[in-house]
Amino acid sequence: MKKNIFIFFLLLSFVMNAQVVSFHPVKVKADQLESFLNIETNYMSKIAQKAQDDGDLVGWRLLQLFNASSDDYNYMFVNIYKDFDAATSPKANWWTNSEEVVGIKMDVLFATYQDLEFDKRYFYEVRQQIPNTQAAEYVILNFARPDDVNMQMDETEKYVIPHFKKNMDKHGMVGWGLGTKITPQGKEYSSMMTWDSYTNLSDVMKHLGGYGVIEGLPFEKFKDPLEWENRYILRVIASTKK
């Protein structure tokens, strides 16, 4: 009984401290790109690194959508917080410390950003993960609305994670994760997503083509095979360091 109680509270502690990831798409036009990338890579990355060093942030990424059309949100901000409290704290808006970190007031640094087109922010709770073994160059984001999210996680734990751990090093995969949607929720939104982190575009293409690390997965054992609604390739432009 004592052992069961210990396990229960251990699991409860994990749930209460689950990481939260925020995805914030933005559309950057060609004539805005040079200024945008200059600010993000030379200033925002430093501010984000300071927030990570201070413990207010687990990680930050700037991703670029591969094969984007002129109508697509072509860049994505990714903020990783250690838990729900950190994601909703005033310190979650770490970019407001621009003057303290890089010596430029926020309204000056972001003066040109008023012309950018931002989507809403999408929040996910990290439920399963294979931590990155090294920095990723590309990421696949996979979105779905399974009928039973818990069943999908059970089958992922049983079949997918062990298979990936065994084979990922041979196929350029350096990390993986699964998250469930926090907000927004509704019929038009995915309820679950996974991400596959890679070192190169070739292995990303093989993955999406059903080769590489995907080969050998026992799909026939899945009670409810997952159907992806959308799958995107994104390139890592900038990120914080550990």
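**Close-up views of a predicted model**

**View 1. Helix H2 bends by about 40° at methionine 44.** The bend is the angle between axes fitted to the seven residues ending there and the seven starting there. Helices (H or I, at least four residues) and strands (E, at least two) are DSSP runs, numbered from the N terminus. This is a predicted model, in which local features need pLDDT of at least 70 and side-chain atom pairs count only at pLDDT 80 or more, while totals for chains, interfaces and linings use all residues. Residues are numbered from 1 along each chain as its sequence is written, and side-chain values use heavy atoms, without hydrogens and water. After H2 comes glycine 55, with a positive phi near 85°.

**View 2. The buried residues of H2 include Phe36, Ile39 and Met44.** Buried means under 20% relative accessible area, exposed over 50%, and partly exposed in between (1.4 Å probe, protein chains only). The buried residues of H2 pack against S1, strand S2 (59-65), strand S3 (75-81), helix H4 (98-102) and helix H5 (106-109), where contact means heavy atoms within 4.5 Å.

**View 3. Phenylalanine 23 and tyrosine 124 form one of 14 aromatic pairs.** Their ring centres are 5.9 Å apart and their planes stand at 85°, so the pair is edge-to-face. Rings of Phe, Tyr and Trp (its six-membered ring) pair if their centres lie within 6.5 Å; planes under 30 degrees apart count as stacked, over 60 as edge-to-face and the rest as tilted. Phenylalanine 23 lies in strand S1 (residues 20-27) and tyrosine 124 in strand S5 (residues 122-130), 101 residues apart. Phenylalanine 23 is buried at 7% relative accessibility, as is tyrosine 124 at 2%.
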